[in-house]
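Visitor: I would like to learn how to read a structure like this one. Can we go feature by feature?
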Amino acid sequence: MKRMIIDCDPGHDDAIALILAHSHAEVLGITTVAGNTSIDNTTANALGICELLGVGTQVYRGASKPLRRESTYAHAVHGESGLGDVELPRHSRTESTISAVEYLLENVDTDVWVVPIGPLTNIAQVIQEDPDWGSRIAGLSIMGGSTTVGNVTAVAEFNISHDPEAADIVWRSGIPIKMCGLNLTHQLIADDSIVACLREANPSNSELKTLATFAADCYDNILAAIENLRGQRQAALHDLCAVLALTHPDLFRFEDRHVAVETTGTHTSGMTVVDERFSPGKTANTEVAYEIDSDRAMSIVLGAFGAE
């Protein structure tokens, strides 16, 4: 099993990605960051998801805002809490007294992947503290960016747009990166049929049934939000792709590309500039995901909840 640390901002899809990761990988720790909602909410949600899973994974609080900007939360999609009106179980868990940056600096190894599925603020702060940190990990599997269109602006995806200065530091660091951007994640879609499948699941144990109900509630919630915003009940399973890229790499087609992050453009701030030229100007620094076997991937996702 892959060993990984999940850096996240739960978030409906972060929550499902955490459940998937615990099903198919050894999750060493969870670090939180402000993004979809405030750091208080993302940390509380991560703790609640660990309670739901019944795991002892420790949660480490990270950055409360971007490096140089103010936070722009995704409340229109994820609600103020980050999980809309989806409820997590009551518990007495507490976050670690060690910060996310301290944890990431001290608890990595060359077989450990860090999986950032929120803004890259924590990762950039780690690199600023220790520029050689990247040589001590296996790499980063990032959900963020796009080779094509954005979802915050015409060209910028939310996680990168939230803190483009942090993303710029990460992409210039030399750390091996796998990138699952919107061009890829929009190939893995949940709709009402997926919600029905989760609700109808009859797994062999009650714990999986609880997880399936939670996942159905999450997707019901986010489908309603997206329908209100865009008039359609479809939601991409963004963050799950960065987990699957490590646990099931055979599902993907990757291509080596050079990626840079725009930080100053009037219309392009937060854009991941992917060099698609036949003769690129710079050496590739990223494995960019272009295709996913969506049928097999969805089967694996549903299987994590005892659904078929």
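Visitor: Which residue in β12 does Phe252 stand opposite?

Guide: Phe252 stands opposite Ile292 in β12. A word on the source: this is a predicted model, where local features need pLDDT of at least 70, side-chain atom pairs count only at pLDDT 80 or more, and totals for chains, interfaces and linings use all residues. Residues are numbered from 1 along each chain as its sequence is written, and side-chain values use heavy atoms, with hydrogens and water left out.

Visitor: In which sense do β9 and β12 pair?

Guide: Strands pair if DSSP finds at least two bridges between them. Strands here are DSSP runs of E, at least two residues, and helices are runs of H or I, at least four, numbered from the N terminus. β9 and β12 (residues 286–292) pair in the antiparallel sense over six bridges.

Visitor: What is the strand order of the open sheet?

Guide: Eight strands run β3-β2-β1-β4-β5-β6-β12-β9, with mixed pairing. β3 (59–60) and β9 (252–257) stand at the edges with a single partner strand each, so one side of each has no neighbour in the sheet.

Visitor: How is a pair of packed helices described?

Guide: By the angle between their axes and the distance between the axes. Axes are lines fitted to C-alpha atoms, for helices over the stretch in contact, and angles run from 0 to 180 degrees between N-to-C directions. The axes of α1 and α2 (residues 39–53) come within 10 Å and cross at roughly 40°. That makes α1 oblique to α2; angles under 35 degrees count as roughly parallel, over 145 as roughly antiparallel, 65 to 115 as roughly perpendicular and the rest as oblique.

Visitor: Which residues meet there?

Guide: Contact means heavy atoms within 4.5 Å. Ala15, Leu18, Ile19 and His22 in α1 meet Ile49, Leu52 and Leu53 in α2.

Visitor: Why is α1 largely enclosed by the rest of the structure?

Guide: Buried means under 20% relative accessible area, exposed over 50%, partly exposed in between (1.4 Å probe, protein chains only). Eleven of the 13 residues of α1 are buried, so the helix is largely enclosed. Among them are Asp13, Asp14 and Leu20.

Visitor: Is Thr121 buried or exposed?

Guide: Thr121 is buried, at 1% relative accessible area. Thr121 is found in helix α5 (residues 121–129). Its contacts include Val33, Lys65 and Asp163, leaving aside residues up to four places away in sequence.

Visitor: What kind of peptide bond joins Pro10 and Gly11?

Guide: Most peptide bonds are trans. The bond joining Pro10 and Gly11 is cis, with omega about -5°. Gly11 lies in the loop between β1 and α1.
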